[in-house]
Protein chains: 2
Amino acid sequence: MPDRLPATMRQWVLARRPDGLAVVEDFGLVTVGVPEIDDGQALLRTLYLGVAPVMLRYMTNETSFEKPLEIGDVMIGRGVGRVVASRNPAFRVGEIYQAKLGWREYAVIDDSPYFMAYRMRHTDLALSHGVSSLAMSGFTALVGMREICAAGPGDRVLVSGAAGGVGSQAGFIARALGADPVVGVAGGPDKCRLLTERLGYGAAIDYKNDDVPARLDELFPDGIDVFFDNVGGELLDEVMGRIRRRARIAVCGRISEYLLPVEEYHRHRNLWRIGLLDAKIEGFFIYDFVAGFDEFEDRLAEWIRDGRIEPLEDILEGLEQMPAALISLYEGTNAGVRMVRIDPDAERRPAP
Amino acid sequence: MPDRLPATMRQWVLARRPDGLAVVEDFGLVTVGVPEIDDGQALLRTLYLGVAPVMLRYMTNETSFEKPLEIGDVMIGRGVGRVVASRNPAFRVGEIYQAKLGWREYAVIDDSPYFMAYRMRHTDLALSHGVSSLAMSGFTALVGMREICAAGPGDRVLVSGAAGGVGSQAGFIARALGADPVVGVAGGPDKCRLLTERLGYGAAIDYKNDDVPARLDELFPDGIDVFFDNVGGELLDEVMGRIRRRARIAVCGRISEYLLPVEEYHRHRNLWRIGLLDAKIEGFFIYDFVAGFDEFEDRLAEWIRDGRIEPLEDILEGLEQMPAALISLYEGTNAGVRMVRIDPDAERRPAP
């Protein structure tokens, strides 16, 4: 039974450029007609939308990886949607795609590289995983831990931002790859309890309340082999001061500094130890690994099915929550993969 | 015709621990008997000995990769020698080996990993290459440029310490791999002239006299893809400030800071750009690549034969020059691979 399409839909646009952390007034919610599609295009009903720290930089045009966002443009964002109409044989009605849908209830996409459309194949699992473990946040955790850091048996692993969207999966993945111990860093006792009780971490460090260097010394008496870093700044320096020979550091994010002026970024005193100890620090861009996406989805789906990954999803309800969802990433109030359910019936499967 | 062995030989021992840069009085030249060999051992006539900045750290016991050097111990060092007696079928009289011979005229080695003995196969070329291009300094330049940085066509390459033992070969190798431009950094107009006139560099930056940031901007208007770093400190920071996406930095040495107390090491303000630009910084240990040594020797010998590498060797005469040779590395007075010829007849080939 095809979805019946409404005449109008809502979407969020950039209302003004944020000054520091965005506020709700920087976004505008507008109602427009549901668009028609041309040859080559498909119309998707948005089921879930994700949020990522980088979206704030889209708003300020500080990034070079997206086309500049002008005032009035629809907010850029990735999510999961169901094809409801298609004039492109590559997209079939009923299929589930992850793509750069934008912050809107329906989206027109095509198969050009811009949309980075990826068809999900494990759609018997919750479709919300299409913005968590079976999507870029899960793929990012897997690539950082497995491709960049080659984590495995014998490795002592630390993850920062461990309760966040990527970090909440990096611990499960490190354990699945055989690393031990796997320690997470997060802010506050509640999140730290979450790490050890719910997210598979063997121990947690509370950066807001613990003496972080002392805890690192205690938990890693012989040093650190692998560091998956979502935070940057001083913690990265403390870790470089404790690396073992041939340590690998994957730089995934740097949320501790995104809102600071560049003059206030941390100056690292321990970078010299990378050379001394034949270690490495490496950044990566998940879309450079697009050739591996199918295998990533298969592997992560397998680990979800056998219980080695238990996705923690932090779901807000309704498109109107999008600005709050993004802002919360900077306030550190999210736990797991924060996302917004756009279609209340997102998980309703078609009758067989 | 087998060498006739003398009864005695000379060797350098550690006389006292240096305070900062070593001085001649820290070394002692002693005469001892030429040793007998036991089963499993071979006696080598030392032909050439190399020097490397790390040897100063052996003297102060700041390194963990060598057994601690006690006062009176023979100085640790690698060189090339000819087998003159053997009670091990793996070593045949007349063969040429690179090994950890120590600073002495004759050395007893065996096939244990400690000596890292490597049999040279391209012995029709100058045997001095056994401490330069066909030895660890050449292998290090090749591994850093090819394995760590994957330099190739389209890459804009910078090398620091470009007139030094490794740097004097890294430029040739980058060009042989197709990179362009290939720019070297060295101290003083004479060395900079050497870079462009003799060592294959397309341009040179004189860190003692040039405005280095301005020269980098001029020579790399679109940024840097590959940096082979022998120097560390502020220059590394300037380079991180100018990297392109997916840049690779191989950390080979850090001679600008070896003599400083750790509190005075440079604090890096631009490390965050590694994550931003999906770049990497990586250290490496040449003996982790031992499985590749034969291929490295073949490749570098091929490039010497076809003229793509012209080894620049800076040869002092006689064992007594060893302390001066080492100290000169820190004074920056060497150009090319500094080494000492121990046997005046080193290049004399046996009659056919």
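**Close-up views of a predicted two-chain model**

**View 1. The surroundings of B:Met120**. Leaving aside neighbours within four places in sequence, B:Met120 is in contact with B:Ile96, B:Tyr97, B:Gln98, B:Gly130 and B:Leu134. The model is predicted. B:Met120 sits in the loop that lies between strand 7 (118–119) and helix 2 (136–148) of chain B. This residue counts as partly exposed because it has 18 C-beta neighbours inside 10 Å, whereas a buried residue needs 20 or more. From B:Met120 to B:Ala325 the separation is 205 residues in sequence and 24 Å in space, C-alpha to C-alpha.

**View 2. Strand 3 of chain B and its partners**. Strand 3 (residues 42–50) of chain B is mostly covered, with nine of its nine residues buried. An antiparallel pairing over seven bridges links strand 3 to strand 4 (residues 79–86) of chain B. Within strand 4 of chain B, B:Gly79 is the residue opposite B:Leu49. Strand 3 of chain B also pairs with strand 6 (residues 106–109) of chain B, in the antiparallel sense and over four bridges. Here B:Ala42 stands opposite B:Ile109 of strand 6. A further antiparallel pairing, over three bridges, is with strand 15 (residues 337–341) of chain B. In that strand, B:Met339 is the bridge partner of B:Gly50. In a regular strand the side chains alternate between the two faces of the sheet.

**View 3. B:Met145 in the largest nonpolar core**. The largest nonpolar core has 220 residues, and A:Met145 and B:Met145 touch the most other members. Not counting residues up to four places away in sequence, B:Met145 touches B:Ala151, B:Ala170, B:Ile173, B:Ala174, B:Leu177 and B:Phe228. In soluble globular proteins, nonpolar side chains tend to be buried together.

**View 4. The contact between chain A and chain B**. Chain A gives 23 residues to the contact and chain B gives 22 residues. On the side of chain B that touches chain A, the elements that give two or more residues are helix 7 (272–276) and strand 13 (280–283) of chain B. By class, this side of chain B has eleven nonpolar, seven charged and four polar residues.

**View 5. Strand 13 of chain A beside strand 13 of chain B**. Strand 13 (residues 280–283) of chain A and strand 13 of chain B run antiparallel and are joined by three bridges. A:Glu282 stands opposite B:Lys280, which belongs to strand 13 of chain B.

Key: Residues numbered from 1 in each chain as written. Chains lettered and ligands numbered in written order. Predicted model: local features only at pLDDT ≥ 70, side-chain atom pairs only at ≥ 80, totals over all residues. Contact = placed C-beta atoms within 7 Å. Nonpolar A, V, L, I, M, F, W, Y, C, P; charged D, E, K, R; others polar. Pairing = 2+ DSSP bridges. Core = buried A, V, L, I, M, F, W, Y, C linked by C-beta atoms within 7 Å. Buried ≥ 20, exposed ≤ 12 C-beta atoms within 10 Å, placed from the backbone.
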